[in-house]
Amino acid sequence: MAYETLKYNVSDGVATITLNRPETYNSLNLATLEDLKKAFKECGKDKSVRAIIFTGEGRGFSSGADLVEIQTRVGEIEITESLRNGLNTLVTLMRTLEKPIVCAVNGVAAGAGASLCLAADYRIASDKAGFVFAAFVNIGLIPDAGGTYLLQKLVGPAKAFELVLLADSKNRVSAEQAEALGIVNRVVQADDLMDEANALATKLATMPTKAIGMTKRALYRATSGVMLADAMDYEAQLQSAAFRTYDFSEGVAAFIEKRDPIFKGE
């Protein structure tokens with residue numbers, strides 16, 4: 001499948017989706033959102049894809065919405081429906097895709113670009129990366145693309161309130177601060193970022209990805225405020241499905257035979 005605004009390739013069970021508008025710091029125009037939706041749908045359909053890396057080309061991960069496009073088309077775009085059909089659909093695709101998504105944050109992620117990082121399952125950041133959550137309020141807007149939900153789930157409502165109002169381009173959240181706050185899982189040297197991301201994604205691709213997908217589903221459902229009893233009952237339902245997978249049989253056999261398992265994601 002051809003893409004206008006991103007690079008997409010699959011190798012050793014890992015799909016790499018790279019935002020490819022470096023001249024705009026990978027700002028998110030309408031074409032980019034359509035390409036991203038197609039790419040993540042393709043990851044879901046392709047059985048050879050068992051893990052995903054999401055990153056950006058050039059110095060930035062994503063500067064957020066393409067304000068030049070918005071300014072020129074403001075009279076044409078119905079914002080609520082545009083968000084529902086664009087960013088909201090994309091974030092929902094990422095969170096419900098039952099394959100692990102590793103976001104390799106190569107540079108600054110601002111506004112909706114930061115929200116897309118938060119929608120991934122694991123975030124590994126370059127030491128040159130940073131986050132600007134106040135990019136919205138700086139131009140008189142509120143966070144979108146799930147930012148109000150995803151950020152406070154990681155740092156709590158009070159800290160999220162501070163970050164979306166005060167962490168602007170002059171006082172952005174550094175990679176090290178993001179790691180301390182739990183926004184990213186790991187920080188590595190810039191030159192090592194893609195090697196580290198590939199190593200992690202390749203490892204995930206060899207794991208029982210059917211179980212990983214169900215774990216992802218249960219974890220994110222539990223964050224929606226369900227009661228413990230409900231979360232445990234949902235676990236019991238998913239565990240029943242996991243017991244019927246090839247990977248469970250292989251995992252048990254490998255344990256008994258004292259060998260490394262060979263999982264298929266089935």
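Visitor: In strand 7, which residue is the bridge partner of Val 102?
Guide: In this predicted model, strand 5 (residues 101–105) and strand 7 run parallel and are joined by four bridges. Val 102 has its bridge partner in strand 7, and that partner is Tyr 122.

Visitor: Which residue in strand 10 is the bridge partner of Ala 125?
Guide: Strand 7 also pairs with strand 10 (residues 186–188), in the parallel sense and over three bridges. In strand 10, the bridge partner of Ala 125 is Val 187.

Visitor: How many of the five residues of strand 7 are buried?
Guide: Strand 7 (residues 122–126) is described as mostly covered. Buried is the word for a residue with under 20% relative accessible area, and in strand 7 the number of buried residues is four.

Visitor: Which cysteine is in contact with Phe 54, leaving aside its neighbours within four places in sequence?
Guide: With its neighbours within four places in sequence left aside, the contacts of Phe 54 include Leu 36, Phe 40, Val 102 and Leu 116, and the cysteine among them is Cys 103.

Visitor: How many disulfides does the structure hold, and how far from Cys 117 is the nearest cysteine sulfur?
Guide: The structure holds zero disulfides. A disulfide requires two cysteine sulfur atoms within 2.5 Å; for Cys 43, which is in no disulfide, the nearest cysteine sulfur is that of Cys 103, 13 Å away. Cys 117 is likewise in no disulfide, and the nearest cysteine sulfur to it, also that of Cys 103, lies at a distance of 3.8 Å.

Visitor: Is Cys 117 buried or exposed?
Guide: A residue counts as buried if its relative accessible area is under 20%. Cys 117 has a relative accessible area of 0%, so Cys 117 is buried.

Visitor: What is the phi of Ala 145, and is this residue buried or exposed?
Guide: Most residues other than glycine have a negative phi. Ala 145, in the loop between strand 8 (130–132) and helix 6 (147–155), has instead a positive phi, near 60°. Its relative accessibility is 2%, so Ala 145 counts as buried.

Visitor: Is Lys 258 buried or exposed?
Guide: Lys 258, found in the segment after helix 12 (246–256), is not a glycine, and yet its phi is positive, at about 55°. Because its relative accessible area is 78%, Lys 258 is exposed.

Visitor: How far apart are the end C-alpha atoms of helix 11?
Guide: Helix 11 (residues 228–243) has 16 residues, and at 1.5 Å a residue they should span 22 Å. The model agrees with this expectation, since the end C-alpha atoms of helix 11 are apart by 22 Å.

Visitor: What arc do the buried residues of helix 11 cover around the axis?
Guide: In helix 11, the buried residues are Ala 231, Tyr 234, Leu 238 and Ala 242. They lie on the same side of helix 11, because around the axis they cover an arc of only 90°.

Visitor: Which helices are included in what covers the buried residues of helix 11?
Guide: Among the buried residues of helix 11 are Tyr 234 and Leu 238. What covers the buried residues of this helix includes helix 10 (209–222) and helix 12.

Definitions and conventions: Residues are numbered from 1 along each chain as its sequence is written. This is a predicted model: local features need pLDDT of at least 70, side-chain atom pairs count only at pLDDT 80 or more; totals for chains, interfaces and linings use all residues. Side-chain values use heavy atoms; hydrogens and water are left out. Contact means heavy atoms within 4.5 Å. Buried means under 20% relative accessible area, exposed over 50%, partly exposed in between (1.4 Å probe, protein chains only). Helices (H or I, at least four residues) and strands (E, at least two) are DSSP runs, numbered from the N terminus. The expected span of a helix is 1.5 Å times one less than its number of residues. The arc is that of the directions from the helix axis to the C-beta atoms. Two strands pair if DSSP finds at least two bridges between them.
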